Amino acid sequence: MINRLQNETSPYLLQHAGNPVYWYPWGDEAFEKARQEDKPIFLSIGYSTCHWCHVMAHESFEDEKTAEILNKYFISIKVDREERPDIDSVYMSVCQAFTGSGGWPMSIFMSWDKKPFFAGTYFPPRTRYGMPGFPDLLHTIAKQWKTGRAELLESAEEVIAHLQNTEPVQDHTDSIHLTQKAVEIFAHSFDHVHGGFGSAPKFPTPHNLLFLMFYAKQNHQPDILKMVEKTLLQMRKGGIFDHIGYGFSRYSTDKYYLAPHFEKMLYDNALLIIAYASAYRLTKRPVYLDTAEKTAEYILKEMSAPDGGFYSAQDADSEGVEGKYYTFSQKEVMKVLGQSQGKRFAEIFDITEKGNFADVNIPNLLKSNELSSEFEDEIKKLYTYRKDRFKLHLDDKILLSWNSMMITALAVLYRVTCSEKYLDAAEKALQFIENNLCKGLEVYTSFRDEKHSKHGFLDDYAFYITALLEMYNATFEKRFLERAECFCHETVQRFIDHENGGFYLCAADNDELFINPKETYDGAIPSGNSVMAYNLVRLYQLTDKSPYQALVQKQFHFMAAGAHGYPAGYCMFLTAVLMYENPPVHVTVVTNNHLKMTDLQRQLPLLANVAVVTESAEFPLLNGRTTFYICKDQMCLPPVTSLDNLSED
């Protein structure tokens, strides 16, 4: 059976195009059909590399009897959360309001005017573990729709009223106090034995680590930096890092960082490249740079489109089994490497006959005292063997916000290594965005099959601005800074809430859904509002334009209200606060036209604010040599012709 998803471009929607469920994409046709036939709507939200989305699809959406119930009593809509973050955000709030938690697949039951009256995530095919079986749930809701609709709609109105009245209460909490409180929360929850924070599952959340690094450096607190280093090292040694093909999986299911949820997301790897590269710049420990470069190698090898963009994700499942692609038996390792090489490899990478994960093995270095590079040949052999063994699904849509994160990561890595391949890849990806995901000052969320989406959201603009700023920091070409300013102005015009502060997720005049969310909490990735706080600080410090300062102060006031209860969930915003309160060094470079950008990058701190200018009366050259005018700690120093003594700031 072919349903209404057959002409979509989303890999997630296309995975369901052959279901016996008569799916509709989100749109007026589905809602009008529900109204005409007087049926409730079943909304299913997920993404193509989601393990539990696959499970529910196999158990329920591919089942003829379950599909028959859905087709008889409901109008069913499928949404890719990565293409429509607005729908996902609104109904995730609904799910959390109904159940106290959320996740994917997300299952929403609502009226044709988009008012939700019941929500959940995964439902099994039969009642178990206190969860209703999905067919039983469908029958119950269908009956209630006929006999008790007023009660259902009353619950919908209550949830909507609750969500429409969740604007943060403004207070006068000092932002610096919030940074200190956040650090205390992290210190209290730090796992001194295994690294990371709290118990399992453990997510990488690199933006938290970046905040802690910046705080530790700025406040001369080596104990805080030790928490970051312990976490970075454990993640690199654990199975969350792919020791065969490189790159990081989504998160660790245990406290050791051994067993990951095996899907790999572009955004995790982008943010982790930044974290590891920054840690190397701060500590000069080679393991951090090695990790950043190996992660970039994975992205450039497996996640790059021919014309420059970066794909979204790789699946956790192969042949219906999570992690099957990534795990090995001891016999396989011996067969591929031979007894002598295989035995040595197995000893170091924890490959045993019994297995360290469900009778098979996840290669890891958690039991090793050091990270050895002597196994490059063995790793290449196992990588080739693994690629030919099972297929791995690739979500090949190209998302603007995630690509912007990877551009930022590659630009940072270029600044740390001065390797042109990283800058070339970043520039190529940026050109892809400008060719396919931008039209004037309009941007689009996703691109696939020569088509872009209809919408652009706050996160798309915010992360794109960050990428442009980091490309400026990598090249000092003013066109990147000027473009960042243009898109910042457009973001303010489209998304800002002039009355209450903050930025909406959708354009301010959008009324497609019953609320227009203003996301502030930093989850797996920083929120659009946090990123805009960072962007505004950077633009103010790079340009010294007072309108940016006014926007910074207004955004800080808005964000502080949300961060008051749990500031550790707002680390990107708090990083912006630290940068604003204690500005990075400002360097004006007066070039004699013989300066190599790579030489300059080797000497500059990562967070320096830099302007490259030609000689003038205000900024003369010293002895005809490239000259540096440095301002830091609220004072300007005499001009110099070397940055040798400029420490990482």
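How much space lies in the largest cavity of this structure? About 580 Å³. Keep in mind as you explore that this is a predicted model.

**The largest cavity**

- Rolling a probe the size of a water molecule over the atoms is a way to see where empty space is left.
- In this model, three cavities reach 30 Å³ or more.
- The largest cavity is lined by 30 residues, and those closest to its centre are L210, I274, S278, Y534 and L607.
- Which helix gives the most to this lining? That is α9, with six residues.
- Helices that each supply at least two residues of the lining include α9 (206–219), α11 (266–283) and α16 (400–417). Also among them are α18 (458–475), α20 (528–543) and α22 (571–581).
- Sorted by class, the lining of the largest cavity has 17 nonpolar, six polar and seven charged residues.

**The second largest cavity**

- The second largest cavity holds about 80 Å³ of space.
- Its lining is made of 13 residues, and G239, F241, D242, Y326 and I362 lie nearest its centre.
- Seven residues of this lining are nonpolar, three are polar and three are charged.

**The second largest pocket**

- Two strands, β3 (75–80) and β17 (451–452), each supply at least two residues of the pocket lining. β3 gives the most, with three residues.
- How do the residues of this lining divide by class? Four are nonpolar, seven are polar and eight are charged.

**The sheet of five strands**

- As a reminder, strands of a sheet pair through backbone hydrogen bonds, and the pairing can be parallel or antiparallel.
- Five strands form an open sheet in the order β1-β3-β2-β4-β5, and the pairing is mixed.
- β1 (23–25) and β5 (116–120) each have a single partner strand, so one side of each is left without a neighbour in the sheet.
- On average, neighbouring strands of this sheet are turned by 25° against each other, direction ignored.
- Look at β4 (residues 106–110) beside β5: the two pair in the antiparallel sense over four bridges.

- Another open sheet has three strands in the order β8-β9-β12, with antiparallel pairing.
- Its edge strands are β8 (264–265) and β12 (394–395), and each pairs on one side only.
- β8 and β9 (residues 313–314) are joined by two bridges in the antiparallel sense. The bridge partner of K264 in β9 is Q314.

**Helix pairs**

- Two packed helices can be described by the angle between their axes and the distance between the axes.
- The axes of α10 (residues 222–237) and α12 (residues 286–302) cross at roughly 50° and come within 11 Å. That angle makes α10 oblique to α12. The crossing of α10 and α12 is left-handed.
- α4 (residues 64–73) and α6 (residues 134–147) pack at about 15°, with their axes 10 Å apart. Are these helices roughly parallel or roughly antiparallel? An angle under 35 degrees counts as roughly parallel, and α4 and α6 are therefore roughly parallel to each other.
- The crossing of α4 and α6 is left-handed.

**Backbone details to look up**

- Most peptide bonds are trans, and most residues other than glycine have a negative phi.
- The peptide bond from W104 to P105 is cis, with omega near 5°. P105 sits in the loop between α5 (85–99) and β4.
- The bond from A200 to P201 is also a cis peptide bond, with omega near -5°. You can find P201 in the loop between α8 (175–189) and α9.
- Y257 is a residue other than glycine with a positive phi, near 70°. Where is Y257 found? Look in the loop between β6 (251–252) and β7 (260–261).

Technical notes: Residues numbered from 1 in each chain as written. Predicted model: local features only at pLDDT ≥ 70, side-chain atom pairs only at ≥ 80, totals over all residues. Heavy atoms only, no water. 1 Å grid on protein atoms, 1.4 Å probe; cavity = no way out; pocket = protein on both sides within 12 Å on 5 of 7 lines; lining within 4 Å. Points joined across faces, edges and corners; volume = space filled by probe spheres on them. Nonpolar A, V, L, I, M, F, W, Y, C, P; charged D, E, K, R; others polar. Pairing = 2+ DSSP bridges. Axes fitted to C-alpha atoms, helices over the stretch in contact; angles between N-to-C directions. Parallel < 35°, antiparallel > 145°, perpendicular 65-115°, else oblique. Left-handed = near helix turned anticlockwise from the far one by under 90°.
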